[in-house]
Amino acid sequence: MNIDAIIVGGGPCGLAAAIALQEAGKTPLVIEKGNIVNAIYNYPTHQTFFSTSEKLEIGGVPFITENYKPKRNQALTYYREVVKRKGIKINAYEKVLNVVKNHSEAFEVQTDKGDYTVNNVIIATGYYDNPNYMEVPGEDLSKVFHYFKEAHPFFDKDVAVIGGKNSSVDAAIELVKAGARVTVIYRGTEYSPSIKPWILPEFESLVRNGVIKMEFNAHVKEINENKLLYTVDGKAFDIKNDFVFAMTGYHPDHGFLRNMGIQINDETGRPQFNPETMETNVPGIFIAGVIAAGNNANEIFIENGRFHGGQIAKAIIEKESGNRKG
């Protein structure tokens with residue numbers, strides 16, 4: 001197979017980039033360490049998207065659902081169908097280890113299953129694999145999770161949820177529905193404005209009625225096998241605890257990018273790139289999707305990151321055309 005470009009990451013934005021390159025006459029290969037849209041697969045089982053279905057569409061393939069906002073399983077079905085319809089070449093369950101430029105200015109892409117040589121690389125890896133740690137004693141205990149899948153295993157257990165944004169609120173609601181006793185510990189002073197507006201009234205009602213214990217201005221200090229210790233306005237508290245969901249956000253794999261020579265802003269975590277072309281400071285390496293936002297994961301979503309592929313394809317075609325004229 002003659003490959004023109006390798007896309008690292010098989011999420012919606014990586015798939016959209018593959019489609020854009022194909023439509024430009026290129027032959028891209030997507031390399032994904034899991035299976036397609038792996039991050040969406042790892043969402044909570046009953047997750048409902050913030051975006052409406054048409055804003056999740058890629059490649060001009062309609063995403064039609066009976067719900068105003070689609071659910072996780074519907075999105076998985078949709079993106080599988082897009083891959084089939086568009087004939088996207090994907091090497092699933094293959095992990096990219098390194099990307100280096102060779103003596104001929106092409107890139108050697110090294111994976112755990114082989115090596116590839118291409119002129120262009122698109123990094124569309126997202127951030128969901130790298131949780132933000134609290135750096136508190138006991139965070140490494142097996143009872144502490146940074147991802148929430150479903151609530152059933154926590155029936156009749158004392159569960160703490162750390163954080164106050166969508167992932168925390170969604171988890172807390174699911175947990176109480178399954179019969180867990182839930183305390184939410186949030187360092188903010190009030191409910192986050194980013195919480196889905198159709199979810200907040202239900203959550204507030206559960207707090208108001210004592211079903212969920214909500215602690216604002218709260219900071220976790222220690223987790224042990226039976227308790228969780230925290231402070232509120234400097235005053236110490238401890239609660240009985242069986243499990244902890246630390247929904248404290250995620251960040252890009254900066255080391256992976258730096259190893260390729262991509263410069264990262266230390267303060268924002270944002271890679272250096274041209275917003276018109278999505279090309280980084282390393283000519284021939286582009287970025288697509290949420291990774292372009294650095295540490296601010298609320299800046300880029302599927303609904304705007306899906307257009308990066310078109311910018312990249314246009315830039316590659318224009319560059320090649322310029323080289324031929326030159």
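**Notebook: helix packing and positive phi**

I began at Gly-210, which lies just after helix 5 and takes a positive phi of about 80°; helices here are DSSP runs of H or I with at least four residues, strands are runs of E with at least two, and both are numbered from the N terminus. I keep in mind that this is a predicted model, in which local features need pLDDT of at least 70 and side-chain atom pairs count only at pLDDT 80 or more, while totals for chains, interfaces and linings use all residues. Residues are numbered from 1 along each chain as its sequence is written, and side-chain values use heavy atoms, with hydrogens and water left out.

I then looked up helix 5 (residues 200-208) itself, where Phe-203, Leu-206 and Val-207 are the buried residues, buried meaning under 20% relative accessible area, exposed over 50% and partly exposed in between, with a 1.4 Å probe and protein chains only. Seen down the axis of helix 5, these residues fall within an arc of 100°, so they line one face of the helix; the arc is that of the directions from the helix axis to the C-beta atoms. They pack against helix 4 (166-177), strand 10 (181-185) and strand 11 (212-215), where contact means heavy atoms within 4.5 Å.

Val-37 has a phi near 40° and sits in the loop between strand 2 (28-32) and helix 2 (38-41), where it is buried, with a relative accessible area of 2%. Asp-233 has a phi near 50° and is found in the loop between strand 13 (227-232) and strand 14 (235-240), but this residue is exposed, with a relative accessible area of 64%.

I also followed Asn-226, in the loop between strand 12 (218-223) and strand 13, which counts as exposed at 58% relative accessibility. Its C-alpha atom is separated by 6.1 Å from that of Asp-242, 16 residues apart along the chain. Leaving aside neighbours within four places in sequence, I find Asn-226 in contact with Lys-143, Ile-239, Lys-240 and Asn-241.

Last, I turned to helix 1 (residues 12-23) and helix 3 (residues 72-86), whose axes come within 11 Å and cross at roughly 20°. That makes helix 1 roughly parallel to helix 3, a term for angles under 35 degrees, with over 145 counting as roughly antiparallel, 65 to 115 as roughly perpendicular and the rest as oblique; the axes are lines fitted to C-alpha atoms over the stretch in contact, and angles run from 0 to 180 degrees between N-to-C directions.
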